[in-house]
Amino acid sequence: MGLPQQCEAAFGTADLYGVLGVRRGASPQEIRRGYHRASLRLHPDRVPPEQKEEATRRFQILGKVYAVLSDEKQRVVYDETGMVDEEAEVLQDGRDWLEYWQLLFKVTVKDIEDFQKSYKNSAEELADVKAAYMNFKGDMDRIMESVMCVDYTDEPRIREMIEQAIDTGELPSFKAFVRESKKKMMSRRRRAEKEAKEAKKTKDELGLSGENDLQALIKSRSKDREKEMDNFLAQLEAKYGSNAKKGGKKTAAKKRKT
């Protein structure tokens, strides 16, 4: 299955730019920022254990999308033909996309948590909600899936944002939103509540009594990965010199070729 088809299956769109939530003429900085924002939302450390496999798969696809759009030559080919060079080195399955991400952004679990706190009710969130509303023509299922850091308890707040923007004329009145059936609303809510119950069940099975315990578990896993990352960076520095840490993306690529 090619990358556009993987995107369609995982994100509901075959458009690589749409996966990152950026326009086709986006600058390299905008593409990087779009990848950063999407990866914070999809990072496997944000989900309960039973969802980690699927989250990791989507995270890997997201990394491939960024790898294509951040490479000038591959992006030109994609823009002109709508096709992706599936044989390119950056799309091979051997790459560790979590490792690649950490090298690119140097982000920790605490960074993700802090981002979530600052993002909610921010101007950036409002802009993202409006963009999602336009992109998905008012489909709340897709909107709730695409906006970062939200769960089903946030829906009334998200819906109010959209309604206010419609009232002021900032957004058009899409039928899918204003005439959404109660059946569809309840179906979305039942799915979300089921996921929440499954997460709680997993938490109870692990013997975690509180949210802080769950965060401690996630952080302990992160520390193990950070140790591996320290070893990896030390190897890079020994092989390529003191500039290895500064050029994470390029040196990582060099290391894979050896």
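Residues are numbered from 1 along each chain as its sequence is written, and side-chain values use heavy atoms, with hydrogens and water left out. As the model is predicted, local features need pLDDT of at least 70 and side-chain atom pairs count only at pLDDT 80 or more, while totals for chains, interfaces and linings use all residues.

Let's start with the whole chain. The protein chain has 14 helices and zero strands, where helices (H or I, at least four residues) and strands (E, at least two) are DSSP runs numbered from the N terminus. Of its 258 residues, 40% count as buried; buried means under 20% relative accessible area, exposed over 50%, and partly exposed in between (1.4 Å probe, protein chains only). Among the contacts with a separation of 6 or more, 63% are between residues 24 or more positions apart, a contact being heavy atoms within 4.5 Å.

Now to the packing of helices. Helix 3 (28-42) and helix 4 (residues 52-69) pack at an angle of about 175°, with their axes 10 Å apart. Axes here are lines fitted to C-alpha atoms, for helices over the stretch in contact, and angles run from 0 to 180 degrees between N-to-C directions. The two helices, helix 3 and helix 4, are therefore roughly antiparallel; angles under 35 degrees count as roughly parallel, over 145 as roughly antiparallel, 65 to 115 as roughly perpendicular and the rest as oblique. On the helix 3 side the contact includes Ile 31, Tyr 35 and Leu 42, and on the helix 4 side it includes Phe 59, Leu 62 and Tyr 66. The residues of this contact divide into nine nonpolar, two polar and two charged. In this sorting, Ala, Val, Leu, Ile, Met, Phe, Trp, Tyr, Cys and Pro count as nonpolar, Asp, Glu, Lys and Arg as charged, and the others, Gly among them, as polar.

A second pair crosses at another angle: the axes of helix 8 and helix 10 (residues 155-167) come within 10 Å and cross at roughly 75°. That makes helix 8 roughly perpendicular to helix 10. Eight nonpolar, no polar and three charged residues make up their contact.

Helix 8 (123-135) also takes us to the second largest pocket, as one of the helices that supply at least two residues of its lining. This pocket holds about 580 Å³ of space. Of its 25 lining residues, the closest to the centre are Gly 18, Val 19, Gly 21, Arg 41 and Ser 146. (On a 1 Å grid over the protein atoms alone, a pocket is an open set of points where a 1.4 Å probe fits, with protein on both sides within 12 Å along at least five of seven lines; lining residues have an atom within 4 Å of a point.) The largest share of the lining, five residues, comes from helix 8. The lining divides into twelve nonpolar, seven polar and six charged residues.

Arg 41 is found in helix 3 and counts as buried at 15% relative accessibility. Its C-alpha atom is separated by 9.9 Å from that of Glu 145, 104 residues apart along the chain. Arg 75, in helix 5 (residues 72-81), counts as buried at 13%; among the residues that Arg 75 touches are Tyr 17, Ile 31 and Leu 69. Arg 179 sits in the loop between helix 11 (175-178) and helix 12 (182-205), and is exposed, with a relative accessible area of 63%.

Conventions: Points joined across faces, edges and corners; volume = space filled by probe spheres on them. Lists of a residue's contacts leave out its neighbours within four places in sequence.
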